[in-house]
Every structure is written in C-alpha cells, then in structure tokens.
Amino acid sequence: MESSNRCSVIIIGAGISGISAAKVLAKNGVEDILILEASDSIGGRIKKQNFGNVTVELGAGWIAGVGGKQSNPVWELAVQSGLRTCFSDYSDARYNIYDRSGEIFPSGLAGDTYTKAVESAMQKLRTDRDILLSADVSDIPELSTIPETPIELAIDFILHDFEMAEVEPISTYVDFGEREFLVADERGYEYLLYKMAEEFLFTSEGKILDNRLKLNTRWKMEAIEKCDVMVYTKIFLKFPKKFWPCGPGKEFFIYAHERRGYYTFWQHMENAYPGSNILVVTLTNGESKRVESQSDHETMREAMEVLKNMFGPDIPEASDILVPRWWNNRFQRGSYSNYPIYADSTMFENIKAPVGRIFFTGEHTSERFSGYVHGGYLAGIETGEGLLEEMKSEKDRETNSKSILEPLLALTLSQTEAVGGLQTCDIHRHLFHGNTKREAIL
C-alpha cells in the first residue's frame with residue numbers, strides 16, 4: 001500500500017487494544033494510521049518465547065470465559081485462526097496440596113480449609129465495603145479467620161492472588177462462561193494480533209522514534225495513581241524426565257509453606273505439550289519482585305528445594321529455567337491492572353476519558369473486563385469507534401477549511417514520559433519501534 005505523508009490518527013502501543021482500535025479505524029476507511037510501539041514486536045503483555053523446545057507464554061496464557069451463552073470475542077478469534085488450546089481444570093488443585101515433608105493434605109482437611117477461606121474472603125470484602133461506607137468503624141466486626149498455618153496461607157494465596165482476584169460475580173464468567181483454555185500453540189497467543197493486523201500493519205525501515213508524553217492533568221493522574229498493577233510471574237523449569245504425578249486431576253498442585261506465596265501454585269505442561277517435561281510455578285507481587293531481583297541460578301535453587309520437599313531428594317535437577325521479568329520491564333512495569341475493591345464507574349470513566357485530543361485505551365479502561373485479554377480487545381474497539389465519531393464530528397464542523405487535521409493520539413497504556421515533541425505528522429504510515437518509557441501500566 002502506498003504510504004501517506006500525513007496521518008489522522010496516532011496509536012501509541014501495539015498491544016491488543018491498539019491493534020483492535022486500528023482494525024476498527026481501517027475497516028471504516030481511515031487509512032492514514034500511525035502506530036508507535038516501544039518494543040521490537042507487537043503484542044504488549046501477550047508475549048511468547050521458546051523454552052525446552054516448546055512455545056511458552058510469558059504474559060497472558062489463557063482464554064478465560066468460554067462456554068457461556070455469549071461468545072467471548074477472543075475465543076472467536078482463536079477458533080477462526082485455528083489456535084491450539086488446552087482446557088484447564090483448576091477444581092482439583094485444592095486436593096493436591098503438599099506439605100514440606102512431601103505429604104498431601106487429606107482431602108477433607110483441604111476442602112474444609114478452602115470453604116472457610118472463601119467465607120473469610122467474602123467477609124473481608126463486606127468489611128472493607130462497610131469501612132468505606134461508614135464513618136464509625138467501631139461497630140464493624142473483625143475478621144473471624146486470619147490465615148496462619150501453611151495450608152491456610154497457601155489457600156489464601158490461591159484465592160486472592162491467583163484465582164479470585166475479583167469481587168464476585170465475575171463479569172467474565174457471567175457473560176462468557178466459566179471454562180478456561182490454555183494457549184498451547186507454537187505460533188503463540190500473539191498470532192491472533194498478527195492475523196488482525198496483517199492487512200494494515202507494516203514494520204518500519206526508518207529510524208527509531210523515541211518520544212515522550214507528559215501526563216500532567218490532575219484528575220487523570222489521580223485516576224491513574226488509584227489503579228494498582230499486578231505482577232504475575234510464571235517460572236518455567238525444564239527437566240530430563242518427569243517425576244510428578246500426571247493423569248486426571250493432577251495438572252495443578254499446591255505447596256504449603258510458612259511464607260505466603262512462596263512457590264505455591266504449580267502446573268505441569270504434559271497436557272499442553274506431552275513429553276515436554278516442563279513445570280510452571282506462579283509467583284505474584286512481592287515474591288515476583290524479589291525473584292526478579294535475584295539471579296536465575298538462585299531462583300532455580302529455591303524452586304528445586306521446594307520440589308525436593310514435595311517429591312523427595314532424589315528427583316533430577318532442572319536442566320533449564322526461564323524467569324520472565326515483567327516488573328523490571330520498563331515498557332510494562334507489571335502484568336495487568338488490579339483495581340481496588342472500592343473502584344467505581346467514575347474511576348473507570350476518568351481512566352479512559354480523553355484529555356483534549358488524546359484518547360486512552362487498554363484492558364485497564366474496561367470496567368467489566370479489566371485484567372483480561374478480551375477486556376483489552378473490546379476496549380480497543382470502543383476507542384476506535386470513539387475516534388471515528390470524533391473525526392466525523394470534526395469533519396462536520398469544518399466549513400470550506402483546508403487546514404490540516406491535527407493528529408489525534410490514542411494511548412493504549414498510560415505513559416508519564418512519552419511523545420514529547422509531536423507537533424506535526426509528516427511521518428510515513430508504519431509501525432515504529434521506539435524507546436518509549438512506560439512508567440506505569442494502567
């Protein structure tokens with residue numbers, strides 16, 4: 001396609017929201033689109049890597065919300081693209097909890113502990129809500145159960161950091177269904193973005209753009225500061241042979257330790273990639289940041305100590321390890337948005353509201369589906385439609401004017417220092433890979 005000397009829309013960030021926004025614009029005849037991307041590939045936090053001769057997903061790994069009356073749009077894209085997936089069933093994980101001596105906790109004890117933990121979690125949510133709504137906190141009851149034992153700490157971690165990071169009912173499961181599928185395709189999750197973008201996205205042969213944007217509108221900054229960012233780290237370990245239980249109900253298992261979240265949630269990859277001999281352990285937040293700051297050798301030593309506690313001292317040593325570092329990635333600074341329980345519609349409206357001619361989009365702007373890939377996809381579509389409406393309104397307001405349309409900016413991720421001197425758009429329509437610094441992922 002012939003390049004244009006000027007552009008009407010600039011999209012900063014080629015994650016799923018940026019690509020889906022561009023898709024909407026292109027389908028509606030907006031050809032002069034410029035996409036600026038800081039890293040060397042599209043996808044944002046959808047990122048694959050080869051490990052142990054298979055493709056593993058460092059960021060988003062599942063398509064969550066499948067099998068309901070309403071079809072998940074990302075699942076539709078996966079089916080259309082022939083993306084290989086594998087059903088994940090977490091329901092038996094609570095019955096595969098190991099102690100430090102390698103024994104599995106009795107199913108009755110595990111079930112009772114899980115039930116009590118759920119009740120305690122719901123009580124905490126109600127208490128936090130009452131605190132926010134009441135000026136007098138003296139009448140608010142204290143929590144009846146505080147996790148103390150290793151099994152209680154392990155289940156508390158699963159409920160709050162891994163499984164139930166949202167207040168029920170969870171919109172994703174209500175709207176799209178409760179099934180989840182792990183992406184297990186050599187082309188990677190990001191293949192969906194390439195399929196969406198292949199008709200209008202081009203790599204750049206020009207120089208790297210390194211611009212900055214100052215977000216200095218107070219109400220916008222306050223909204224951004226209220227949104228926390230979850231750090232979610234999947235550590236992959238390759239072994240010469242498998243020594244862990246396999247078969248029905250054995251894909252996920254849990255390690256109970258005195259320190260909350262310490263190498264707690266494990267998964268084997270035999271269902272997704274038979275014969276791969278790969279284990280995955282998930283860390284979050286504080287443990288993620290701690291592990292990112294140390295060497296992979298030290299992380300492997302810690303993980304092997306945990307595995308030997310569970311399966312005995314004679315298990316083989318891992319031959320390789322892969323530790324993603326989303327927290328230290330200056331373009332990401334985390335994994336996905338994690339709003340406080342008191343977040344309301346006003347906060348989301350402020351997060352996504354345009355500042356002048358600058359539009360904001362991303363999973364963090366989706367009130368119902370923040371933190372999910374389909375949240376980012378739908379947010380991008382909504383922003384693309386908003387841009388079209390704004391462009392149409394501007395065109396309607398023009399009367400015999402030959403002035404050049406000032407570029408609209410669409411930001412997929414908030415950036416405190418980006419695009420600092422963009423005044424005109426005399427740039428060819430390409431995908432640029434710059435060194436834009438993302439201070440916060442929202």
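User: Which residues does tyrosine 189 touch, not counting residues up to four places away in sequence?

Analyst: This is a predicted model, in which local features need pLDDT of at least 70, side-chain atom pairs count only at pLDDT 80 or more, and totals for chains, interfaces and linings use all residues. Residues are numbered from 1 along each chain as its sequence is written, and side-chain values use heavy atoms, with hydrogens and water left out. Contact requires heavy atoms within 4.5 Å; on that basis tyrosine 189 touches Ile46, Glu57, Ala60, Gly61, Trp62, Ile63, Val74, Val183 and Val373.

User: What makes a set of residues a nonpolar core, and which members of the largest one touch the most others?

Analyst: The term denotes buried Ala, Val, Leu, Ile, Met, Phe, Trp, Tyr and Cys residues joined through side-chain atoms within 4.5 Å, where buried means under 20% relative accessible area, exposed over 50% and partly exposed in between (1.4 Å probe, protein chains only). The largest such core has 35 residues, and Ile11, Leu25 and Tyr189 touch the most other members. Another core, of 33 residues, lies apart from it and includes Tyr90, Phe105, Ile158 and Tyr273.

User: Why are S6 and S8 called paired strands?

Analyst: Strands are DSSP runs of E with at least two residues, and helices are runs of H or I with at least four, numbered from the N terminus. Two strands pair if DSSP finds at least two bridges between them; S6 and S8 (residues 179–183) have four, in the antiparallel sense, and therefore qualify. Serine 88 stands opposite glutamate 180 in S8.

User: Which strands are the edges of the open sheet?

Analyst: The three strands follow the order S5-S8-S6; S5 (62–66) and S6 (85–88) are the edges, since each pairs on one side only.
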